[in-house]
Amino acid sequence: MTGIPLIEARDLIKTYGSRRRLIGESHPVYAVNGVSLKLARGETLGLVGESGCGKSTLGRLILGLEIADSGSVEFDGSPLARAGSAEWRRSRARMQMVFQDPLSALDRLLPIAAQIREPLIIHKFGSQAQMNKRVGDLLNAVGLTAAQGRRLPGELSGGQRQRAVLARALATSPDLLVCDEPTSALDMLIQAQVLDLFAEIQSASGVAILFISHDLRALRRVSDRVAVMYLGSIVEEGPAKQVLEAPRHPYTQALISSVPGVGGLSPNRILLRGEPPSPTQRRPGCAFQPRCAGAVHACNHTAPTLLPVSNPSHRVACHLLHPGGEPASIARPVA
C-alpha cells in the first residue's frame, strides 16, 4: 500500500457493559480489542470471522457510528470528526454503509426512487432535474428499471432490494462503502449477481469497500486483501490469495477447512475443540489458546502480535510462527 490510506484505524478498543444477573456485578464485553487496519482507495478489504467476533462493531467504529473507548480512525489523512458534528455530517456523504437486511434498511412506505433521492436532498446535490437524472442513472447502474424505482420495497425481490440499498449508498458518490453481510440473506444465484455488481461498481467508480462477511467464498470473489478476526482481534491479514490458499493461523486454517467443496466437507477438516472464550472474561495470552491443538507455553501468558510471515504484506498473530516459519498444518484452499 503506497500513499496515504483512505482509512487508517489504530489500536481501536470498544467495550460494552453486561450483567451476569438481574442484580449483579457489571463486566465489560470486549467487542473490539486493539484492532489496527488500513484501506486504500479503490481496494476491497474482506473482514471475516465467527458471529460475535466484533466485525460489525469494527465497521461502525470506522464510520464513526460508534465511539471507540480508545484508539483512533483517520479518514483521508485526517482524524475522523466527532459523531453528530457538522463536519461529521458532511463527511457522511463520502462514507456509506450497506446493511445485511435490505428490507429493514428501507422505508417500507416510500418508493425506491424517493429513497435513493433522500441523500441527494440531504447533501444538496443540485437542482430537481439533476437529482432526477442522478436517480435514473443509479437505478440503471445497479440493474433496476424506472418502473421498479416507483415500487415499494415489499414489491421487490430480495436481490432487487439489495440493489436499491446499494444505489442509495452510492447516491453521493462515496469514497468508502462499509458492507455488513450484504449477501447473507440472498440465495446463491442472486449472491453471485450482487457480488459481480459490487466489482463492476468499484471498477467504474474507484470506491473503497470494507466487505464484512462470514462467507469465505464471497470474500474470495470480491477481496483484494482479507483480515481474519477472532474474539475482537485481527489474527491474520494479507493478500486474499495468500490468506485463503495458504493460511498460516490455526483459526484461519480451521475456517477454510470448513468450507464444503464439490464433494462435500473435506475429510481433512479441522475441528476446533470447545467454544470461544467468553468476551467478558478475557484471560492473559492468546484468546485462541483454549481451542488450539498446537498451543505452547507462551500462548498462556503473552498475547501474540501481528508479524510478517512469508512477506511483509502477510501478517499473522501466532506464537507458532515466526518470519519464514511454517504452520503446524495447512488447510485446503477455498474452491
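**From labels to values**

Analyst: Happy to! Let's begin with L61, which sits in helix α1 (residues 55–63). Please keep in mind that this is a predicted model.

User: Why does L61 count as buried?

Analyst: Buried means under 20% relative accessible area. L61 has a relative accessibility of 3%, so it counts as buried.

User: And which residues is L61 in contact with, leaving aside its neighbours within four places in sequence?

Analyst: With those neighbours left out, L61 is in contact with L12, K14, V32, E66, I67, A68, V73 and L80. V73 is twelve residues away from L61 along the chain, and the two C-alpha atoms are separated by 8.1 Å.

User: What about E8: buried or exposed?

Analyst: E8 is found in strand β1 (residues 7–19). Its relative accessibility is 14%, so E8 counts as buried; the cut-off is under 20%. Apart from neighbours within four places in sequence, E8 is in contact with L37, K38, S72, V73 and E74. As for C53, 45 residues from E8 along the chain, the C-alpha atoms of the two are separated by 20 Å.

User: What makes helix α11 largely enclosed by the rest of the structure?

Analyst: The count decides it: eight of the eight residues of α11 (residues 250–257) are buried, so the helix is largely enclosed by the rest of the structure. Those buried residues are P250, Y251, T252, Q253, A254, L255, I256 and S257. Their cover includes α9 (216–222), β9 (225–230), β10 (233–239) and α10 (240–245).

User: Now the helix pairs. Why are α7 and α8 called roughly parallel?

Analyst: Two packed helices are described by the angle between their axes and the distance between the axes. For helix α7 (residues 158–170) and helix α8 (residues 188–205), the axes cross at roughly 20° and come within 10 Å. Angles under 35 degrees count as roughly parallel, and α7 and α8 are therefore roughly parallel to each other. The contact involves G159, Q162, R163, L166 and L170 from α7, together with I190, Q193, V194, L197, F198 and I201 from α8. By type, the residues of this contact are seven nonpolar, three polar and one charged. The crossing of α7 past α8 is right-handed.

User: What is the phi of K124?

Analyst: K124, in the loop between α4 and α5, has a positive phi of about 55° although it is not a glycine. Most residues other than glycine have a negative phi. K124 has a relative accessibility of 71%, so it counts as exposed; the cut-off for that label is over 50%.

User: And E181: where is its place?

Analyst: E181 is in the loop between β7 (176–180) and α8. Its phi is near 50°, a positive value in a residue other than glycine. E181 is buried, with a relative accessible area of 9%, which is under the 20% cut-off.

User: Stepping back to the whole chain, how do you know that its radius of gyration agrees with a compact globule?

Analyst: By setting the two values side by side: for 335 residues a compact globule would have a radius of gyration near 20 Å, and the chain has 21 Å, which agrees. The C-alpha atoms fill a box of roughly 65 × 50 × 50 Å along the principal axes. Of the 335 residues, 48% are buried. Among contacts with a separation of 6 or more, 66% join residues 24 or more positions apart. The secondary structure comes to twelve helices and twelve strands.

Technical notes
Residues are numbered from 1 along each chain as its sequence is written. This is a predicted model: local features need pLDDT of at least 70, side-chain atom pairs count only at pLDDT 80 or more; totals for chains, interfaces and linings use all residues. Side-chain values use heavy atoms; hydrogens and water are left out. Helices (H or I, at least four residues) and strands (E, at least two) are DSSP runs, numbered from the N terminus. The radius of gyration is taken over C-alpha atoms; the globule rule is 2.2 Å times the number of residues to the power 0.38. Buried means under 20% relative accessible area, exposed over 50%, partly exposed in between (1.4 Å probe, protein chains only). Contact means heavy atoms within 4.5 Å. Axes are lines fitted to C-alpha atoms, for helices over the stretch in contact, and angles run from 0 to 180 degrees between N-to-C directions. Angles under 35 degrees count as roughly parallel, over 145 as roughly antiparallel, 65 to 115 as roughly perpendicular and the rest as oblique. A crossing is left-handed if the near helix is turned anticlockwise from the far one by less than a right angle, and right-handed if clockwise. Ala, Val, Leu, Ile, Met, Phe, Trp, Tyr, Cys and Pro count as nonpolar, Asp, Glu, Lys and Arg as charged, and the others, Gly among them, as polar.
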